[in-house]
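Biologist: Please put the model up, and I will ask about it piece by piece.

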Amino acid sequence: MHSLNPNDWHLSVAPMMDWTDRHCRYFHRLLSPHARLYTEMVTSAALVRGKQLRLLEHSQQEHPVALQLGGSDPQELAEAARHGAEAGYDEINLNVGCPSDRVQSGRFGACLMREPVLVSDCVKAMRDAVSVPVTVKCRIGVDDQDEYADLQHFTETMLEAGVEVLVVHARKAWLKGLSPKENREIPPLDYQRVYRLKREFPQLVVVINGGITTVDAVREHLLHVDGVMLGRAAYHDPYVLARVEQALHGVPLPSRESVLQHMRPYVEAELARGTALKHIGRHLLGLYQGEPGARGFRRILSEGAHRDGAGWALIEQAMTPVLAAA
């Protein structure tokens with residue numbers, strides 16, 4: 001196996017169901033040349049049993065991009081990982097953090113934190129199948145299994161399986177009684193526990209995730225861990241990605257207008273393929289978050305994108321209130 005560069009995980013955008021599809025990732029890449037991007041979770045069953053290989057579609061501009069898989073059958077995950085590697089993904093990530101009911105019924109996601117040996121078997125099978133890094137995304141705990149020792153044991157088991165990168169959402173998951181949305185908000189964040197993990201396992205690339213919304217917070221976390229993964233902040237206020245790029249890499253801040261202009265060839269090519277504008281436009285709604293004219297931008301774009309024949313002209317029209325307020 002090739003040796004990893006921890007800097008490759010310095011900044012990433014979390015896998016988010018119904019959000020981080022290929023259109024979203026293309027847009028995020030324009031805002032952040034260096035961030036590692038993740039797909040929505042794709043189940044191994046969809047790829048292997050359902051033969052839905054179209055779920056792996058992505059554009060070359062998205063790299064570095066990781067495929068996140070959900071599942072708990074080592075052989076099936078190995079085959080799904082192989083499909084992902086053949087499709088060109090730079091990393092295969094196993095979801096051991098998602099608390100939704102649908103996920104639990106399939107015996108994957110956060111409930112797997114209770115079965116570290118099974119996760120270890122999955123990781124080994126995937127690593128045998130592909131040459132790209134196989135990584136794991138987990139929580140700091142699950143239900144009543146939330147002592148640091150539990151996370152420590154889980155991490156030791158991952159290391160033995162050959163995991164070199166662990167992405168840790170710094171909240172525990174409650175599998176019963178909380179919705180997925182509540183699981184992202186109610187269990188308290190415990191960043192110190194993730195920092196401790198990095199101190200005790202210095203050989204592991206540790207990426208922290210959960211509740212991180214500002215450039216200052218990113219900088220603070222990077223004093224303690226190898227990488228920061230932004231989730232909802234990157235979606236609702238995507239320009240934060242450009243601010244973090246400037247802070248970490250000195251990349252000049254692009255104007256929001258120039259980012260949209262760079263989207264134009266992509267949008268027009270997708271429309272020509274038969275993609276409806278609404279599937280792309282929804283990811284752009286937060287671009288002017290907090291700026292004068294932002295509400296008008298969102299309103300024009302969200303109301304118009306569903307109409308038949310909506311095209312690039314609608315995005316130009318949506319920019320009018322912003323330009324007028326500038």
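Modeller: The side chain of Glu76 makes a polar contact with the side chain of Arg49, at 2.6 Å. A polar contact is a pair of N or O atoms within 3.5 Å; within protein, one must be able to donate a hydrogen and the other to accept it, and residues adjacent in sequence count only if both atoms are side-chain atoms. This is a predicted model: local features need pLDDT of at least 70, side-chain atom pairs count only at pLDDT 80 or more, and totals for chains, interfaces and linings use all residues. Residues are numbered from 1 along each chain as its sequence is written, and side-chain values use heavy atoms, with hydrogens and water left out.

Biologist: Is Glu76 buried or exposed?

Modeller: Glu76 sits in helix 3 (residues 74-86). Helices (H or I, at least four residues) and strands (E, at least two) are DSSP runs, numbered from the N terminus. Buried means under 20% relative accessible area, exposed over 50%, and partly exposed in between (1.4 Å probe, protein chains only). The relative accessible area of Glu76 is 11%, so Glu76 is buried.

Biologist: Which residues does Glu76 touch, not counting those up to four places away in sequence?

Modeller: Contact means heavy atoms within 4.5 Å. By that rule, Glu76 touches Ser44, Ala45, Val48 and Arg49.

Biologist: Is Glu245 buried or exposed?

Modeller: Glu245 belongs to helix 11 (residues 239-249). Leaving aside neighbours within four places in sequence, its contacts are Leu31, Ser32, Pro33, His34, Ala35, Gly250 and Val251. Its relative accessibility is 1%, so Glu245 counts as buried.

Biologist: How many residues of helix 1 are buried?

Modeller: Helix 1 covers residues 22-31. Its buried residues are Arg22, His23, Cys24, Arg25, Tyr26, Phe27, His28, Arg29 and Leu31. At the helix start, a side-chain oxygen of Asp21 comes to within 3.1 Å of the backbone nitrogen of His23. Helix 1 is mostly covered, and the count is nine of its ten residues.

Biologist: Which elements do the buried residues of helix 8 pack against?

Modeller: Helix 8 spans residues 191-200, and Arg193, Val194, Tyr195, Leu197 and Lys198 are buried in it. Their packing partners are strand 6 (134-142), helix 6 (148-160), strand 7 (165-173), strand 8 (205-209) and helix 9 (215-221).

Biologist: Is helix 14 roughly parallel or antiparallel to helix 15?

Modeller: Axes are lines fitted to C-alpha atoms, for helices over the stretch in contact, and angles run from 0 to 180 degrees between N-to-C directions. Angles under 35 degrees count as roughly parallel, over 145 as roughly antiparallel, 65 to 115 as roughly perpendicular and the rest as oblique. The axes of helix 14 (residues 294-304) and helix 15 (residues 312-325) come within 7 Å and cross at roughly 160 degrees. That makes the pair roughly antiparallel.

Biologist: Where is the cis peptide bond at Pro64?

Modeller: Pro64 lies in the loop between helix 2 (44-48) and strand 4 (65-70). Omega is about -5 degrees for the bond joining His63 and Pro64.

Biologist: What is the phi of Lys51?

Modeller: Lys51 is in the loop between helix 2 and strand 4. Its relative accessible area is 61%, so Lys51 is exposed. Lys51 is a residue other than glycine, yet its phi is positive, near 55 degrees.

Biologist: What is the phi of Asp18?

Modeller: Asp18 lies in the loop between strand 1 (11-13) and helix 1. At 52% relative accessibility, Asp18 counts as exposed. Asp18 is not a glycine, but its phi is positive, about 70 degrees.
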